[in-house]
Amino acid sequence: MHILIAPDSFKESLSALEVAKSIQNGFRKALPNATFDLMPVGDGGEGTLEALTDGLHLKRETCTVTGALGDTVEAHYATNGRLAVFEMADICGLEKVPLNQRNPLTLTTRGVGEMIGHLVENGVQEIMIGVGGSSTNDGGLGMAAGLGYRFFDKSGHEVAAIGKNLGEIAMVSYEDCYWDLSNVRITVITDVTNPLCGPNGATYIFGGQKGLAEDDFASVDKDMEKFYQTFFPAVLEIAGAGAGGGMAAGLSAFTGGEIISGIDAVLDILDFDRRVKNADIVIVGEGRMDKQSLSGKAPVGVSQRTSRGKLVIAICGSLKNDLPSFPNSNIQAAFPIISNIDTLENTLAKARENLERTAQNIGNLLAVKIH
């Protein structure tokens with residue numbers, strides 16, 4: 001029996017590779033003769049950098065840039081000299097901002113632009129950026145400022161490049177842009193297809209989880225739309241532009257970046273279609289599977305690329321009650337790993353042992369079928 005293990009990361013707990021190894025350990029206890037192919041994946045959010053680093057054999061590097069709170073942070077990227085990959089979340093991700101300081105309109109994405117500049121300065125010709133997991137809702141203004149763009153109100157006063165000023169901007173200056181991106185290919189990897197504005201846009205769908213009050217959704221969305229309608233109207237029609245609090249839109253507008261489906265891009269890079277042919281069973285998973293997962297998140301992206309007839313099983317931290325019954329989306333069954341009611345902190349800390357136990361139990365069932 002050959003088992004392909006292709007999970008996403010479990011947020012705030014384990015990386016995708018750690019998840020894959022834990023699942024493998026559990027299966028080995030029940031299926032000692034099985035062979036395994038570990039293929040950690042990412043769909044544009046956390047874990048994408050690691051998945052692509054391993055899949056493309058890139059070298060890990062760090063760079064000092066501006067974090068979400070305006071402080072200095074060490075951000076990670078991976079490169080082979082020509083291509084580089086990094087995650088927005090590593091610079092200004094939600095998990096890096098304390099609960100009492102989460103305000104997507106005042107935090108900055110400047111470090112994303114600084115990272116792009118650093119890579120271009122070092123000769124990188126292609127940049128892939130995962131834009132999931134952001135703490136911001138600025139439409140990419142801060143990123144643009146990190147590249148040298150400046151923003152002014154109708155009185156000619158320069159305004160800070162943060163989300164709360166989107167509606168005040170009357171002029172964009174290109175004069176101080178530091179980097180020539182004309183020969184640099186930028187690919188924006190996202191796990192969502194949400195447009196920038198409207199009821200399914202960045203503000204309405206993701207603003208609340210970043211600390212934005214529901215009463216502010218309408219005005220913030222209006223300001224975002226006003227800015228882009230004035231300066232880059234075509235972006236308003238692009239699927240996925242709402243990812244990363246509008247970072248996908250900003251990268252499209254200010255750098256010419258191409259927005260692509262995250263999981264499909266990652267699976268192509270990792271040669272998934274060839275590797276899955278050898279598998280008898282495919283294991284997928286993420287920290288919490290919910291209805292949104294069925295719209296193209298990593299587990300479903302993997303399952304839908306798996307040929308019918310192969311057994312696809314999801315092992316997840318938890319399953320939300322809005323999920324339909326399984327089989328669904330080519331996943332035959334889904335298992336949560338939580339063993340008992342506990343605090344969130346303790347539950348996250350026990351993820352490794354819970355994964356191993358759940359995988360072993362599933363393996364025990366498969367062993368019965370074999371014999």
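## Exercises on a predicted core, sheet and helix

The largest nonpolar core has 56 residues, and those with the most contacts inside it are F86, I116, I127, F151, F227, Y228 and F254. Helix α8 gives the most to this core, with 6 residues. A second, separate core of 33 residues includes L58, A78, V282 and V312. Please keep in mind that this is a predicted model.

### Exercise 1: the central strand

**Task.** Work out how strand β6 sits in its sheet, and whether its residues are buried or exposed.

**Solution.** 

Step 1. Start with the sheet. It is open, has 6 strands in the order β3-β4-β5-β6-β9-β10, and its pairing is mixed. The edges are β3 (59-66) and β10 (258-261), each of which pairs on one side only. From one strand to the next, the twist averages 30 degrees.

Step 2. Look at the neighbours of β6. Strand β5 (residues 83-87) runs parallel to β6 and is joined to it by 5 bridges. Here F86 stands opposite I129, and V85 opposite M128. With strand β9 (residues 185-190), β6 also pairs in the parallel sense, over 5 bridges. The β9 partner of M128 is T187.

Step 3. Now follow the side chains. In a regular strand they alternate between the two faces of the sheet. In β6, E126, M128 and G130 point one way, while I127 and I129 point the other way.

Step 4. Check burial, which here means under 20% relative accessible area. Since 5 of the 5 residues of β6 (residues 126-130) are buried, the strand is largely enclosed by the rest of the structure.

### Exercise 2: the helix over the sheet

**Task.** Describe where α8 lies and how many of its residues are buried.

**Solution.** 

Step 1. Place the helix. α8 lies across β6, β9 and β10, and runs at about 160 degrees to β9.

Step 2. Compare its length with that of a straight helix. α8 has 13 residues, but its end C-alpha atoms are only 16 Å apart, short of the 18 Å that a straight helix would reach at 1.5 Å a residue.

Step 3. Count the buried residues. They number 12 of the 13, so α8 is largely enclosed by the rest of the structure. Among them are G244, G245, G246 and G250.

Step 4. Look just past the end. G256 follows α8, and its phi is positive, near 75 degrees.

### Exercise 3: the ring of F254

**Task.** Which aromatic residues are linked into a cluster by ring pairs, and what do the pairs of F254 tie together?

**Solution.** 

Step 1. Search the whole structure: there are 11 aromatic pairs. One of them is Y149 with F254, an edge-to-face pair at 4.8 Å centre to centre, with 70 degrees between the planes.

Step 2. Locate both partners. Y149 lies in the loop between α5 (141-146) and β7 (150-152) and F254 in helix α8 (residues 243-255), so the pair ties together parts that are 105 residues apart in sequence. Both Y149 and F254 are buried.

Step 3. Turn to F232. Its ring centre is 5.0 Å from that of F254 and the planes stand at 70 degrees, so this pair is edge-to-face. Because F232 lies in the loop between α7 (217-231) and α8, and F254 in α8, this pair ties together parts that are 22 residues apart in sequence.

Step 4. F232 is buried at 14% relative accessible area, and F254 counts as buried at 6%.

Step 5. Ring pairs link Y149, F151, Y174, F227, Y228, F231, F232 and F254.

Note on methods: Residues numbered from 1 in each chain as written. Predicted model: local features only at pLDDT ≥ 70, side-chain atom pairs only at ≥ 80, totals over all residues. Heavy atoms only, no water. Buried < 20%, exposed > 50% of the residue type's maximum accessible area, 1.4 Å probe, protein only. Helix = DSSP H or I, 4+ residues; strand = E, 2+ residues; numbered from the N terminus. Pairing = 2+ DSSP bridges. Phe/Tyr/Trp six-rings, centres within 6.5 Å; stacked < 30°, edge-to-face > 60°. Core = buried A, V, L, I, M, F, W, Y, C linked by side-chain atoms within 4.5 Å. Expected span 1.5 Å × (residues − 1). Axes fitted to C-alpha atoms, helices over the stretch in contact; angles between N-to-C directions. Contact = heavy atoms within 4.5 Å.
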